[in-house]
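Open the model in your viewer and show both cartoon and surface. The tour starts with the whole chain and then moves from one selection to the next.

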Amino acid sequence: MKVTSAANLNPIKVANKLMESGKVEYAEPNLITKFKRMYTPKDPLFNEQWHLSATPDFDIAEGADVSAPEAWGLNRGKREIVIALVDDGFDLDHPDFSGDGKIVSQKIMWMEI
């Protein structure tokens, strides 16, 4: 059977009604779900950044990445949002940090233990 708009019900409800009627042995909708691709940046080094989206190629624990492509599918952020990076060393001259407004402030602190 094919459910058309004339049914005035979605395919799941039609299948449920058929099952409730007792006139069929089995009814289940065959739904087609369209998935859109997750956003992937054009950065040529993206595939090497395991912390954003790990693949089986990396020797790390499953789920150790931050699932960035899934998050980017929802929202890619806004320039007005400021984030903080706290790290013991990164290259401030890296191209990802170049551009107007990328680094709004930096503070270098040393602590000896």
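Predicted model: local features only at pLDDT ≥ 70, side-chain atom pairs only at ≥ 80, totals over all residues.

**Whole chain**

Residues are numbered from 1 along each chain as its sequence is written, and side-chain values use heavy atoms, leaving out hydrogens and water.

Switch to cartoon. The chain has two helices and zero strands (DSSP runs: H or I of at least four residues for helices, E of at least two for strands, numbered from the N terminus). Its radius of gyration is 25 Å, well over the 13 Å that the globule rule gives for 113 residues, so the chain is more spread out than a compact globule (C-alpha atoms; the rule is 2.2 Å times the number of residues to the power 0.38). The C-alpha box is roughly 80 × 35 × 30 Å along the principal axes.

**Into H1**

Select Asn8, in the segment before H1. Asn8 is not a glycine, yet its phi is positive, about 55 degrees. Asn8 is exposed, at 67% relative accessible area (exposed is over 50%, buried under 20%, partly exposed in between; 1.4 Å probe, protein chains only).

Next, Asn10. Asn10 caps the N-terminal end of H1 (residues 11-21), with a side-chain oxygen 3.0 Å from the backbone nitrogen of Ile12. Gly22 follows H1, with a positive phi near 75 degrees.

**On to H2**

Select Ser67, in the loop between H1 and helix H2 (68-74). Ser67 has a positive phi of about 55 degrees although it is not a glycine. Ser67 is partly exposed, at 30% relative accessibility.

Technical notes: Polar contact = N/O pair within 3.5 Å; in protein donor to acceptor, adjacent residues only side chain to side chain.
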